[in-house]
Each structure stands twice: as C-alpha cells, then as structure tokens.
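I opened this entry to keep a record of what I looked up, item by item, with the sequence and the structure side by side.

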Amino acid sequence: MNRKSPHSWRQATKLVRGGLDRSKHGETAEAIFMNSGFTYPDAETAAARFSGDADGFVYGRYGNPTVEMFEQRMCLLEGSEACYATASGMAAVFGALAAQVSAGDHIVSSRALFGSCFQVVSNILPRFGIECTIVDGRDIDAWRAAITPQTKLVFLETPSNPMLEVTDIAAVSEIAHKAGASVVIDNVFATPVLQKPLELGADVVAYSGTKHIDGQGRCLGGAIMSTEEFKEEKLKPFLRHTGPSLSPFNAWILLKGLETLQLRVEKQGAAALEIAQWLSDQSAVKTVLYPHMESHPQVELCRSQMSGGGTMVTFEIDGARDRVFDIMRRLEIIDISNNLGDSKSLVTHPASTTHYNLGEEGREKVGITDAMLRLSVGLEDIEDLKDDLEAAFVG
Ligand SMILES: *Cc1c(COP(=O)(O)O)cnc(C)c1O
C-alpha cells in the first residue's frame, strides 16, 4: 500500500487532503491565492510558459493555485483524469456542451432538466445552428430512436429536478457510443458521493458546486470532469477564451465544503429517506417520491445506479395551490428557497418558481402539479423537521 499516492486513499481522506499544495509557510488550511496575474523571474521563463515548454501559471483566467487545488480534489473524488473549474454550475453545463459542438451538429437531451439547462438545449444552442431532440429520459427506446450518426452528444440529468426520475446511464451510454456520440451527465442531484457516472460509461460530468459541494449557501461555482484529452483539446480552447473562471476565493470555499461533503450527504440522505417514509404516512400528503423508497417507480434502477437516495424528497399535498401555499407559510424552521443541497432544509413550489417558465403544458408533460413541493433535507434534527411539517399540515 502506497500511503503517499492520493489515488490509493479512501474517499474520506481524498476529500480532506486531496490536492493540498502548501506554500513555503506550511499553513494548515489551503491558502487563498487572491491574485489575477503572475510575475516571471525573467523574459525567458515567461516565453517558456507561454509556449508550453515550462509549467507554471500565467494569468488568472487560465489558472490559479487555489482553483487548481479544488480541481485536483474533485478529480480524486470523481475518479476522473481532469477537472475544469467554472464560475457556476451553468458555466459548467454550457461549457461541457458548447465546447464540443459546431453548427450543423445534432444533440439529444432528456426533457426533465434543471430550468436553465433546458433553456440551453432548447433555445440557446439552436440559435447557433445546433439541432436538439428532446426525449423522455426514462424511455430507452426513445433514446435509441433519437440518436443518429449525426448526433454529437447526449445530455441528461439523473435523478431529475423535481420529479426524481432516473435515466439508465449505462444503457444510454452504450447506445450513444455505438453512434459515436459522447455522453454528458448533470450529476448535481446525485452528488459525486452517491453516483459515479464515469464508471457507468459517461464521458463528461458537470457539477454545480453551488449545491452540495458548498452546501452551506455561500457561493456559486461549478466543475467539468473529463479525460485529460477532452480538457486539453475541447475545454481549454473554449473556456480560456470565453472566460467563466472560478474565483480563487470561491474555490477555497468549495475546497472547505468538500472536506465535509461525504458526512453531509450521508447524514442528509438518511434524514431524507426517513422523512420520505414519514410523509408517506401523513394524511395531508397524497404522493411521495424518493429514489431509494420502495414506492419509487424505478426503485431498482435507482438502487443499482446510486449508492444512496440523495437529499431531495418530492411530495404532493392533498389539496389545491392555496392549501399548499398555506402550508408553506406556516413552516417555521424549513425555509422557502429554490436553492438545494444546503445544510438548512429548504422547500420550494416548483410550479410557481423553478418550473414556472415551462408553462402549464410543459409542466404537465413532465408531471409537475400545483400540489407538488420539493424538499431539500438539511442537517437539522430530524424530529424538529417532522414537528415543523406536522404543525404546518394541521394548521
Ligand atoms: C443548480 C443546478 C444547476 C446550475 O448551477 P448554478 O451553480 O446555479 O449555475 C445545474 N443543474 C442542476 C441539476 C442544478 O440543480
């Protein structure tokens, strides 16, 4: 056993120590290099760095020591060769897609996507001549029918927001690869702790660091996980010149978030399962969706693809929108917020907020109703969360 190689460490050790690059001062925590530029001892060194003959930083938009520590820790966690840190999750998703398509290319995407991701595939990329076919991610035959030899990439989110639908990553990857298309996964809901898309056959994984990786409501950030070749040949030429760089300060926050990521996701996930089971027994609640609960329509796939059910629970109140809003108003601990993956429990009404833009017809297609609430379970004592919900149901 080589204790010195970070690759041989177990996950918890990687999360605390991975990528740590101490300065000459020997600081305990990772240092924040809050600078935009770099200096060189002589012109030859500058020339060598620009030509690629020598390693070293040249400019904040190209790289930064604190950002690089975050990238290396993410690589160890994901088991990927490379990571490109970005300013937000959307910068990661857009970068992962736009860096590898050109006008005339075709992409296939699942319908159940985070709102801004849906805008990218349905409105933004088509403006640049990229054609997109949208399919029901659960339907493997639909993927098979939509993917053609012209398909450059497929994009999907699993589990999806807010319906917690899952797509079989291995099956879709096999179909895509046969057609020569690459597979990009938005793994935000599952987190890098519970689902490893690269091991299931995907090529590129995108994260919003804003969600569980920070997990304490402090900053935006994102990451694209891929092979070294993809980073060098596709991501760098696109992202270095378009500029969605992660701030060194935010990279530092995300590094500290990673140290407790496994603890938080495991604790919040266990609480989410318990709350999902408890909600199933409440007369005020009509339906409950949770990936690792027996009642989930795809529970077997959820269990085989994710090592835990995650921190999100979606449920329907027995009543109309007024009744749902009254319940939300009566909550005293759980906050109303469209954010998720936070240590504070947050509830949102997708139909009037995150999925308002889909329109009534769009929401109907995905199955989002007016009675539906999405709960991101935090780190509070679970009995306090149940008391808060129960009091809100009774009114
Ligand atoms: C939040 C989120 C994003 C976008 O991340 P930002 O950091 O807000 O840009 C993308 N996909 C999913 C599933 C998300 O939840």
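How many bridges join β6 to strand β7 (residues 222-226), and do the two run parallel or antiparallel? I note first that this is a predicted model; in it I found 4 bridges between β6 and β7, with the strands antiparallel, and I saw that Y207 has A223 as its bridge partner in β7. I then turned to the pairing of β6 with strand β5 (residues 182-186), which is parallel and has 3 bridges, and here V184 is partnered by V204 of β6.

I next asked how far β6 itself is covered, and noted that 5 of the 5 residues in this strand (204-208) are buried.

Which residues of the largest nonpolar core touch the most other members? I listed L279, V313, F315, L389 and F393, out of 29 residues in that core. The elements that each give two or more residues to this core are α11 (261-280), β8 (285-289), β9 (312-317), α13 (321-330), β12 (372-376) and α15 (382-394), and α11 supplies the largest share, with 6 residues. Looking at L389 in particular, and leaving aside residues up to four places away in sequence, I recorded contacts with I275, W278, L279, L331, I334 and L375. I keep in mind that nonpolar side chains tend to be buried together in soluble globular proteins.

I then looked at helix α3 (residues 65-78) against helix α10 (residues 248-259), whose axes lie 8 Å apart at an angle of about 30°, in a left-handed crossing. From α3 I noted T66, V67, M69, F70, R73, M74 and L77, which meet P248, A251, W252, L254, L255, L258 and E259 of α10; the residues of this contact divide into 11 nonpolar, 1 polar and 2 charged.

Last, I checked the backbone for exceptions, given that most peptide bonds are trans and most residues other than glycine have a negative phi. In the loop between β4 (151-157) and α7 (169-178) I found P159, joined to T158 by a cis peptide bond with omega about -5°, and also P162, joined to N161 by a cis peptide bond with omega about 0°. L164 lies in that loop too and has a positive phi of about 55° although it is not a glycine; this residue is buried, at 2% relative accessible area. In helix α8 (residues 191-194) I found T191, also not a glycine, with a positive phi of about 70°, and buried with a relative accessible area of 2%.

Terms used
Residues numbered from 1 in each chain as written. Predicted model: local features only at pLDDT ≥ 70, side-chain atom pairs only at ≥ 80, totals over all residues. Heavy atoms only, no water. Core = buried A, V, L, I, M, F, W, Y, C linked by side-chain atoms within 4.5 Å. Buried < 20%, exposed > 50% of the residue type's maximum accessible area, 1.4 Å probe, protein only. Contact = heavy atoms within 4.5 Å. Pairing = 2+ DSSP bridges. Axes fitted to C-alpha atoms, helices over the stretch in contact; angles between N-to-C directions. Left-handed = near helix turned anticlockwise from the far one by under 90°. Nonpolar A, V, L, I, M, F, W, Y, C, P; charged D, E, K, R; others polar.
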